[in-house]
Amino acid sequence: MMIGARYFIRIVLTLSLCAPVSIYAANKNNSPWHIGILTGIGTTNWHGLVKSHSSYSFTPASADPHIRNGVLHSVPKSADDTGVAVGAYLTWQPLPRISFQAVYQHLPSATIQMDMTKLNLPPSYYRHTRLPKDGRFVSQTEAFSLSLKISQPIAHTSISAFGQVGGAHLYRHDIMAKRGVLSALFGVGFNMPLSSKLDGLVMFSYYTGDDRATVDPVNYYIPYVYIVNVGVSYHL
Amino acid sequence: MMGTLCAMPAHPFSIGIGGGIGWVNWNALVAQYSDTDPIISDEHLYNPDDGIYVGSPAKAGGNTYALTAHVAWQFSQHMSLQSDYFYLGDTAVQFDMNKMVIHLPIPQTKITAKNIYPELPADGRFTTHNDAMDLTLKFNAPTTLIKHLDVFTDLGLGVVHRHDILAHIYRIGGTFGLGLNYRINPHWSTDCAFMYFTGYDRSVPDPAHYFTPFLDSIYVNLNYHFGPA
């Protein structure tokens, strides 16, 4: 019984996880270069900078409500950071399971709301000199990435799963700051041929950002990005 | 080609141990002066930038050693499930106990790190311990450059554990890796890899109570694959 179960599991796994024909083999006459466009839904995770609640009890001096609210002097009170991304990508597949992918994405815009009622000191004191009177601004982020993709065909389809790791340059631009950082990119997804010349792509990606403990972290924050993309590419 | 793709691994289960360099990354919490605008002094009483030192450490984290162990199940020729454990050496956290906030509406109110973190010792220094576990999906592919050398990526969920006088936290996040695997013989292989665990930060007056460091590690593993000779 145990041996039978073992062989059954082996057969199921063999059928479900090993493709009889790889995409590479099916499309071996195509160029290893693909060019594509993509869109997606994701978050730039600005809410990670929004004032949060502390459950710790403070000593009498620091329990002063001015101090408890002090964090609102420098961080947003709310952030709307989820939206749609658009972009383009170029893939070079030199080997059946290994490819390199360059992606540009215009990431979702984030609307940041500072709490101006808490700024009972001159705004310059907190380095937010460029804030409009209502304390609201829109932040844009662009991502340029280059990643290594390792793929594995699945089942009896020509769909393949992949993992990807790479580097990215995230560039944030808004009225408060224009700055970029080098970051890491990690992702997982699926590739599928749509026709002899077109491929589809579904992937989840995570870009590391940058955060700094200063009196004005809003001026330094670079988003940590989580995004789900769909795309279509053409074999050159 | 089909035979290669569809063959089940002869040695699907493996265990491994290893070690390397770990980096306990507290950078997002370590206090920094802002260079956005010229520093504005508050009637020469104190530098407003000093206020950040009340809630955030002056120094924290850094390089240390990392010990790893894992179990893996290779369920197809190029994919496996792997669970890793990382033990990182202790690192130090140092608060500057001399920096303070003098609140303008009540100038006599001076707040130091000791007010925010009563648990801190007089010198503001303590050690923090971290370890982490993960469950990842691993994709590997032959490099073709060197026989028996594969390149792989790891993606999955990890739990980072922080333990010190300010906090005892378990935090779930993403974990990602990249590495090379060399098959020495059917039973033994070795990895050289990089692993990354996401951390966590919170915008509160006492962020050190909540902060979970980002962990990075570069390590070398020796793996034993169970199965027939």
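Which residue forms a salt bridge with B:Asp150, and how far apart are the closest N and O atoms? The partner is B:Arg183, and the closest N and O atoms of the pair are 3.3 Å apart. A salt bridge is here a side-chain nitrogen of Lys or Arg within 4 Å of a carboxyl oxygen of Asp or Glu.

The structure is a predicted model, in which local features need pLDDT of at least 70, side-chain atom pairs count only at pLDDT 80 or more, and totals for chains, interfaces and linings use all residues. Residues are numbered from 1 along each chain as its sequence is written, chains are lettered from A and ligands numbered from 1 in the order in which they are written, and side-chain values use heavy atoms, with hydrogens and water left out.

## Chains and secondary structure

Chain A contains three helices and 10 strands, where helices (H or I, at least four residues) and strands (E, at least two) are DSSP runs numbered from the N terminus. Along its sequence the order of elements in chain A is α-α-β-α-β-β-β-β-β-β-β-β-β. Chain B has three helices and 11 strands, arranged as α-β-α-β-β-β-β-β-α-β-β-β-β-β.

Of the 236 residues in chain A, 52% are buried; of the 229 residues in chain B, 55% are buried. Buried means under 20% relative accessible area, exposed over 50%, and partly exposed in between (1.4 Å probe, protein chains only).

## Salt bridges

Side chains of opposite charge can pair when their charged atoms come close. Over all chains, the count comes to six salt bridges. The table gives three of them.

| Pair | Closest N and O atoms |
|---|---|
| A:Asp174 and A:Arg172 | 2.6 Å |
| A:Arg179 and A:Asp210 | 3.5 Å |
| B:Asp150 and B:Arg183 | 3.3 Å |

A:Arg179 is buried, with a relative accessible area of 17%, whereas A:Asp210 is partly exposed at 22%. Both A:Asp174 and A:Arg172 are buried.

In chain B, the salt bridge between B:Asp150 and B:Arg183 links distant parts of the chain: B:Asp150 is in strand β8 (residues 149–163) and B:Arg183 in strand β9, 33 residues apart. B:Asp150 has a relative accessible area of 6% and is therefore buried. B:Arg183, at 34% relative accessibility, counts as partly exposed.

## The second largest pocket

Rolling a probe the size of a water molecule over the atoms shows where empty space is left. A pocket is an open set of points on a 1 Å grid over the protein atoms alone, where a 1.4 Å probe fits, with protein on both sides within 12 Å along at least five of seven lines; lining residues have an atom within 4 Å of a point. The second largest pocket has a volume of about 390 Å³, the volume being the space filled by probe spheres set on the points.

Its lining comprises 22 residues, and those nearest the centre are A:Asn45, A:Gly48, B:Gly199, B:Tyr200 and B:Asp201. Strand β9 (residues 168–183) of chain B gives the most to this lining, with four residues. By class, the lining has 10 nonpolar, eight polar and four charged residues; Ala, Val, Leu, Ile, Met, Phe, Trp, Tyr, Cys and Pro count as nonpolar, Asp, Glu, Lys and Arg as charged, and the others, Gly among them, as polar.

## Residues with positive phi

A:Asn45 has a phi near 60°, a positive value in a residue other than glycine. A:Asn45 lies in the loop between β1 and α3 (65–68) of chain A and is buried, with a relative accessible area of 16%. In chain B, B:His148 has a positive phi of about 70° although it is not a glycine. B:His148 is placed in the loop between β7 (125–142) and β8 of chain B, and is partly exposed at 35% relative accessible area.
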